[in-house]
Amino acid sequence: MAPVTVKEKQDVPVKKQTSRKGKKAWRKNIDVEEMETGLEALRSEERVRGTQAELPDEAHFILDDTGDAQVAKEVRKQRTLKVDEILAERSAVPAVKSGRFVHDKPTQKSGELSKTQTRQVNKLFNRKAKGQPLKPKKKSHIKSTYDLWDAPSEATQPTSDFIEKPTKVKAPATMSMIPKVTQHVSAVVVPQAGASYNPTEADHHALVQHAADIEFKKIKEAMKVDSKLARISASTLPDEHDLKDENEVEDEEEDAEEESDTEQDGKTGKRKTTAQRNREKRRRTMLADHADKQTHRRIGQQITHVASTIEALDEKDKIIEESTLARQAHKELREKQGLKTVGSGRVMQPNVEVQLEEELSESLRQLKPEGNMFMDRFASLQQRNIIVPPSQNKNPKRRYALKVYERRSYKNFDLKEAQKQKRKQRN
Amino acid sequence: MGRIQKKGVKGAASNYITRQQALRKLQISLADFRRLCILKGIYPRDPRSKKKANKGSTAPATFYYAKDIQYLLHEPLLIKFREYKAFAKKLNKVLHKGDKSTAKSLNENNRPIYTLDHIVKERYPTFIDALRDLDDAISMLYLFANMPVDNRLKAKTVKSCQTLLAEFQNYVLQAQCLRKVFFSIKGIYFQAEIKGQTITWVVPYQFTQEIPTDVDFRVMSTFLDFYVTLMGFVNYRLYNEINATYPPNLDDGFRLDKQKVGSTNTEADDEAAEELDEFKESDQQDDQDANAVSLSEIQQASQEVKNLKELFKSHVFFLSRETPRYALEFMIRSCGGQVSWDASTGGSPPFDESDERITVQVSDRPKVNRRVMSRTYVQPQWIADCVNARKMLKSSLYAPGELLPPHLSPFVVAKDGDYVPDAGVESEDEELVATKTSDQQTGVDNEEDTYEAELKAEASGIPYSEYEPSQGDEDKPAPKKASKKRSQEDVELAEQKEMATVMMSQKKRKLYNIMKESNQRKADQTKKLQDRKKALKNKK
């Protein structure tokens with residue numbers, strides 16, 4: 001039982017509990033208040049408005065159109081999302097495709113011709129209709145040329161103020177810097193007089209000598225290398241044991257040095273006597289005087305020999321000048337001769353072609369040309385620093401072994417050949 | 001101290017760029033890069049310090065100017081190369097599938113074509129620049145003109161080479177600018193003079209050449225493409241100069257349609273232009289020699305050229321089968337002669353072997369069957385020697401079967417005092433001229449002797465009035481007539497020399513004397529050889 005407050009206690013009237021035993025008691029203590037009030041209300045309404053039967057339906061009943069808010073809420077909860085609604089809309093316009101297969105041509109329907117095929121068929125038809133044979137396409141080997149250096153300037157398009165004119169790219173200054181070799185060595189070097197097919201003896205001899213000199217140079221170089229290699233024999237190479245001994249000796253020396261250093265460096269606590277100090281002082285002054293005297297003497301000598309020193313300096317200057325001139329001239333000459341290697345490739349020098357006396361022909365008809373023109377041109381291009389010489393193949397053997405594969409279609413090779421033969425026989 | 005510079009920003013490190021770096025910058029393959037460098041004229045460079053240029057590494061590398069490679073980025077050919085790469089991929093794919101018809105249509109319709117016109121215009125802004133590089137171009141074209149066609153070398157290319165060369169040869173014929181010819185063991189060297197530029201090219205003998213494996217064919221074919229374009233433009237311009245139509249109608253063998261185009265009007269102009277050209281040439285020599293070039297020398301040179309142009313004017317030649325037809329026809333026609341050849345060598349010969357007009361028949365056989373009395377029979381070397389000597393030489397020395405006189409190189413310039421062996425001496429009137437020239441030379445020697453004697457006399461203190469020239473008197477009257485023209489120049493020269501010797505120090509004078517002595521020795525030797533020759537001739 002809830003605790004009752006003072007107020008409630010005053011408000012609520014206290015009821016007496018009567019017994020309800022027996023039929024009589026039931027009829028007697030019945031509370032009829034509620035029913036009485038209800039009936040009273042009905043009667044009063046009837047008095048005001050009228051009986052049920054008299055009034056129309058609208059007076060008794062109200063149609064509730066708005067509906068229950070709660071129900072509406074729940075119904076709304078069951079609805080689909082707007083997004084899904086939009087997505088479910090299917091328009092007549094198809095969406096744009098994107099992805100890998102966008103540009104695939106539409107598949108051809110059987111029986112229909114593609115554009116090119118229809119065009120070809122039309123051409124054929126027209127030709128047959130007119131009765132003319134097909135003219136072969138004439139390809140001009142050389143395109144029509146114009147005067148490149150006197151060409152009229154291109155017609156200027158109507159320019160407006162606000163459109164910028166396209167600026168031509170200017171070549172940098174380095175493009176016009178041609179290497180000295182390219183400038184000085186001519187493209188086609190005419191060979192010496194001895195290279196004539198019918199030379200004079202002297203010229204021919206000179207040419208043979210020239211070619212022989214080049215060969216001798218090469219042989220000398222090879223011999224130099226060989227001799228160097230020959231000098232390095234197994235006995236001259238340092239041996240294992242030698243190396244070990246050297247290391248031991250070095251260690252001993254180092255130890256000895258260290259010992260001597262420690263003796264001198266360490267302050268062993270010895271004191272100098274006055275005599276010693278005086279001795280050292282005298283020594284010092286003597287050395288200083290000696291040095292002074294020497295400098296004075298030297299200066300005196302220099303003064304007397306001023307003229308000769310000036311001459312000597314002038315000569316030195318001359319020598320320096322001459323050597324610089326010589327160096328510059330040599331450098332220029334080297335530049336004009338060209339490089340020996342570019343990158344990792346050696347520059348090919350043009351061959352000196354010479355025919356020995358036995359090979360010289362008697363007439364132009366019997367002449368057998370010497371040397372390959374391609375090699376000549378290629379070497380000339382390399383010598384003039386126009387192209388990079390081809391890189392030497394450092395490893396002529398393959399790095400990895402070659403793998404041989406067989407295509408799948410090759411399995412049907414025999415079958416295909418048989419089919420071909422059959423077709424041939426048929427035709 | 002100024003601002004601290006970061007390493008690798010300035011100097012060799014930033015001026016040079018290695019090939020690998022260039023490839024990465026341009027994003028093309030090595031073959032394409034090589035082709036681009038050849039076409040644009042970008043040369044590999046040699047920096048002073050490779051270590052600095054390569055950022056401390058001394059590994060072998062090829063260097064280029066960084067600015068050149070930057071400039072390459074603007075090249076429209078790069079785009080064409082990339083397009084071609086894409087096309088090649090497509091074509092390859094289709095071919096591997098076995099779809100030959102699509103491959104064919106792709107090849108015909110979609111293949112990217114590029115022209116090299118703008119590159120030619122860039123590299124040679126003027127016509128003269130193009131002429132300077134023409135000898136390389138012509139030699140390259142000749143290389144490929146006689147090659148057999150294979151999968152690397154297309155028939156179209158070979159045909160274009162041949163037509164361009166035929167056109168160029170035809171121009172040289174019409175303009176008559178051939179100057180020197182040399183038959184060497186390597187090939188035939190020609191030199192022509194066009195607009196003041198000397199162009200030397202080499203024509204290989206008509207034998208099958210093979211391309212050795214050392215030679216990079218792609219590099220050569222790139223050069224060929226460029227030179228074919230260049231040659232086309234040059235030919236157009238050259239034909240414009242002689243008022244002829246381009247391209248001309250040439251049969252096989254560069255014969256024009258019987259039209260000698262525009263030559264009559266321009267002959268006078270040619271002569272005038274030529275004299276100017278010779279003058280220009282001599283001007284260049286002038287700078288080198290620092291001696292005044294006399295007007296007589298110029299006149300002599302222009303006279304020689306005129307002689308050359310009309311050398312074979314009235315002669316009609318016939319070339320036997322065994323002679324090199326192209327070279328000989330070219331030489332003869334550019335000196336004004338008419339020529340025909342055997343029908344079996346090809347082309348359409350204008351007249352037959354049995355024609356009566358023929359004055360000279362060129363044959364290379366040891367014996368001549370069926371000699372015709374009206375014709376002189378010579379070996380091919382006669383024509384070359386005539387062209388080089390600019391006069392008609394004695395044809396008896398060059399008769400078939402005879403031991404030929406040596407074929408001298410016209411490109412060797414004889415210095416003063418050198419012995420020049422006379423090429424198979426000349427016609428009869430030439431001998432007189434020969435003696436005259438030798439006398440002139442001795443006259444000069446004698447003058448030098450007198451001058452030396454005078455100097456010695458002066459040094460020893462004898463005044464000029466007392467000094468008597470002892471030896472020079474006897475020979476003076478003889479060469480006086482011949483050397484009258486040169487006396488004034490000689491006097492000037494002598495005066496100059498005298499001034500120079502007076503100003504010289506003792507040491508320099510000694511050197512000068514040593515020099516003179518060696519020159520004298522040389523002159524003596526040549527004189528000895530000439531005297532011997534004269535003696536032999538007199539014996540004959």
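The legends below describe close-up views of a predicted model.

Local features need pLDDT of at least 70 and side-chain atom pairs count only at pLDDT 80 or more, while totals for chains, interfaces and linings use all residues. Residues are numbered from 1 along each chain as its sequence is written, chains are lettered from A in the order in which they are written, and side-chain values use heavy atoms, without hydrogens and water.

**View 1. A patch of positive charge on the surface.** The patch gathers A:K416, A:K420, A:K422, A:R423, A:K424, A:R426 and B:K100. Helix α14 of chain A, residues 413-426, gives the largest share, six residues. A:K422 is found in this helix and is exposed, with a relative accessible area of 54% (exposed means over 50%, buried under 20%, with a 1.4 Å probe and protein chains only).

**View 2. A:N198 and the backbone of B:P405.** A:N198 is found in the chain A loop between α8 (180-184) and α9 (201-231). Its relative accessibility is 16%, so A:N198 counts as buried. A polar atom of the A:N198 side chain lies 3.1 Å from the backbone oxygen of B:P405.

**View 3. B:F318 in strand β6 of chain B.** The strand spans residues 316-319. B:F318 is buried, at 2% relative accessible area. B:D342 is 24 residues from B:F318 in sequence, and the two are 8.0 Å apart in space, C-alpha to C-alpha. Helices (H or I, at least four residues) and strands (E, at least two) are DSSP runs, numbered from the N terminus.

Methods:
Patches are made of residues with over 30% relative accessible area and no salt bridge: like charges are joined within 9 Å, nonpolar side chains (Val, Leu, Ile, Met, Phe, Trp, Tyr) within 5 Å. Accessible areas come from the Shrake-Rupley method with a 1.4 Å probe; for residues, only the protein chains shown count as cover. A salt bridge is a side-chain nitrogen of Lys or Arg within 4 Å of a carboxyl oxygen of Asp or Glu. Lys and Arg count as positive and Asp and Glu as negative; His and the chain ends are not counted. The place of a charge is taken as NZ of Lys, CZ of Arg, CG of Asp or CD of Glu. A polar contact is a pair of N or O atoms within 3.5 Å; within protein, one must be able to donate a hydrogen and the other to accept it, and residues adjacent in sequence count only if both atoms are side-chain atoms.
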